[in-house]
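Subject: A structure to look through

Dear colleague,

I am handing over a structure for you to look through, and below it I have set out what was found. Please keep the view open while you read.

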Amino acid sequence: MQSASAYESYHTLFADVPKPFTFLDMDRLDANIEAVLRHSGHKQIRIASKAVRSVEILRYITEKSNRFQGVMCYTLAEARFLAEQGFIDLLVAYPTCDRKEIAQAVSWLKKGVPITLMVDSIAHIRLIADVAVAEAASYPKWADFLRVRAELDPHGVFLNDYLRTLFGLR
């Protein structure tokens, strides 16, 4: 079925259905999933929740292949919601400067929910780092992090004044 004729068929089929409503052609979704997998080679794929606004469909897609890795979320609030629904490996695509939300993201990390925050400036990195350090006192693996950091960079080559202060190395 070509897309113009598909549209006409759906338009006719749903003419008497009260709007708005949702319809998803699962055969076409499966075909799209297969096309994405085929065209992406062997790369891992992160699903953008902005394009898939249904928890059930996000689950459906992620269960189709182990190459679907995590979800790119629109906001931290959405990431929190998806974490509560059992999703892991969450990437928040749009930076936030809300200290309470950043602290909440740190609390998810403590629970083992991988979440990555995008940044767009050094100031933003500092804000996140400041919140993370304030929360780190209760982070059970903070000492492990500092030990691994020291093992990987024993001479402090990758440290600057800010990181030395941040990690309590002054």
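Is E78 buried or exposed? E78 is buried, with a relative accessible area of 13%, where buried means under 20% relative accessible area, exposed means over 50%, and partly exposed lies in between (1.4 Å probe, protein chains only).

Before going further, please note that this is a predicted model, in which local features need pLDDT of at least 70 and side-chain atom pairs count only at pLDDT 80 or more, while totals for chains, interfaces and linings use all residues. Residues are numbered from 1 along each chain as its sequence is written, and side-chain values use heavy atoms, with hydrogens and water left out.

The chain as a whole

The chain contains 8 helices and 4 strands, which are DSSP runs numbered from the N terminus (helices are H or I, at least four residues; strands are E, at least two). Along the sequence they follow the pattern α-α-β-α-β-α-β-α-β-α-α-α. The radius of gyration of the chain is 22 Å, whereas a compact globule of 170 residues would have one near 15 Å; the value is taken over C-alpha atoms, and the globule rule is 2.2 Å times the number of residues to the power 0.38. Along its principal axes, the C-alpha trace spans about 70 × 35 × 25 Å.

Of the 170 residues in the chain, 30% are buried. If we take contacts between residues at least 6 apart in sequence, 56% of them join residues at least 24 apart, a contact being heavy atoms within 4.5 Å.

Salt bridges

Side chains of opposite charge can pair when their charged atoms come close. A search of the whole structure finds 7 salt bridges, each being a side-chain nitrogen of Lys or Arg within 4 Å of a carboxyl oxygen of Asp or Glu.

One of them joins the side chains of E78 and R53, at 2.6 Å from N to O. Because E78 lies in helix α4 (residues 76-84) and R53 in the loop between β1 (45-48) and α3 (55-64), the pair ties together parts that are 25 residues apart in sequence. While E78 is buried, R53 is exposed, with a relative accessible area of 59%.

Another salt bridge links E151 with R147, whose closest N and O atoms are 2.9 Å apart. E151 and R147 are 4 residues apart in helix α7 (residues 142-152), so they are separated by about one helical turn. E151 counts as exposed at 54% relative accessibility, and R147 is partly exposed, with a relative accessible area of 44%.

A further salt bridge brings together the side chains of D25 and R28, at 3.7 Å from N to O, and R28 counts as partly exposed at 32% relative accessibility.

Two single residues

S49 lies in the loop between β1 and α3 and is buried, with a relative accessible area of 1%. Which residues is S49 in contact with, leaving aside its neighbours within four places in sequence? They are L58, V71, M72, C73, Y74, E78 and L82, and E78 is the residue that forms the salt bridge with R53 described above.

A134, by contrast, is found in helix α6 (residues 122-136) and counts as exposed, at 59% relative accessibility. A134 and A103 are 31 residues apart in sequence, and their C-alpha atoms are 8.7 Å apart in space.
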